Amino acid sequence: MLQSNKDLNISKQLIDWYKDNKRELPWRNTNDPYLIWVSEIILQQTRVNQGMDYFLRFTERFPDVKSLANAQEEEVLKYWQGLGYYSRARNLHAAAKSIVDKFNGFFPQNYQDILSLKGVGEYTAAAIGSFAWNMPYPVVDGNVFRVLSRLFGISEPIDSGKGKKLFNELAVQVMDSEKAGIHNQAIMEFGALHCTPFNPQCLFCPLVDKCMAYTTGKVTQYPVKQQKIKNRNRYFHYFHIVYNNAYTYLHRRGKKDIWQGLFEFPLIETETPMDFLELKETKPFQTLFNGITDLAVSATLMNKKHVLSHQTLYTNFYKIEIDTEGNGLSGYLKVPVGEIEKYAIPRLIHIYLEKMS
Ligand code: SF4
């Protein structure tokens, strides 16, 4: 049984964080349910960067429910071309027609009516209802599962029936229902940008004092899933940073992951492969090199495959020369360059150092 977690401070902190950190996206700052609906359907299976152009083109051609309902299906699909999962476009089109038929062309303003539209599930209905009309329905997507499971240290699997019910209750409890729209946007954006699957920004987190996962050192263990992951791919990016030709930086790996207690270079882990230009745009990279403007970068060992039991690592090593130290490095151990091998380091880093010598 879930104890009451009604703490509107969490919602306030999330909203404050959101106001300072949100991305400017074309479907934000509107309360037009049609535009919100189209953006949510596009984003169901598409990353934000890729979805943006599609959203702009689609809504330029079909700016409202009626124009979409009146279009031929072939044309709707043409505007969807390249996004994949075409059933999304067909459902949008069919739902637009039903809005014209059943609701006289006006987007329904009742949660159950929104939910009745083809292709609209609970998550999308909550997003449309809360963003457009501040309806007090929580959105519970992957980002929200992650934030809540970490914040409250919940081990109930998110893919179990019991887990879904529990997280839904919790999402209602932490929501300031008078500010449902901005709260929902804030918690999703916080999960997408700050409390990320890998490298969450705990040291700069407004909720760190309240976070159970951080307090107990178990951040990477949440959220819990029922399905056993048999083998997973991981994408590591190591930074062999050399300061004034004299020092480099290491840190010690924490518990509950591979290589517990060993030392390694500053690491950013990503969910998918990323090249250096993409990596530079990420928050962990900007935090790590905060205050350092002049980076002399050489890619020294790329896409190195390293197989462990139950996981395969794909690793890039970058050697970066700097002549000023930024505050992002303050938490790392500063080690004379000739002394790295005095530390217990994983085999993978040995391989890199051998190649460099
Ligand atoms: S402290 Fe870390 S794990 Fe906890 S909410 Fe903040 S970013 Fe997420």
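Start by selecting S149, which sits in helix α9, residues 142-152 (helices are DSSP runs of H or I with at least four residues, strands are E runs of at least two, both numbered from the N terminus). Before moving on: this is a predicted model, where local features need pLDDT of at least 70, side-chain atom pairs count only at pLDDT 80 or more, and totals for chains, interfaces and linings use all residues. Residues are numbered from 1 along each chain as its sequence is written, and side-chain values use heavy atoms, with hydrogens and water left out.

S149 has 0% relative accessibility, so it counts as buried (buried is under 20% relative accessible area, exposed over 50%, partly exposed in between, with a 1.4 Å probe and protein chains only). Show its contacts (heavy atoms within 4.5 Å): leaving out residues up to four places away in sequence, S149 touches I154, F167, Y222 and P223.

Next, pick R23 and E189. They form a salt bridge, with the closest N and O atoms 2.7 Å apart (the rule: a side-chain nitrogen of Lys or Arg within 4 Å of a carboxyl oxygen of Asp or Glu). R23 is in the loop between α1 (8-21) and α2 (33-43) and E189 is in helix α11 (residues 180-193), so the pair ties together parts 166 residues apart in sequence. R23 is partly exposed at 29%, while E189 is buried at 2%.

Now jump to R253. Its side chain meets D257 in a salt bridge at 3.2 Å, N to O, and E264 in another at 2.9 Å.
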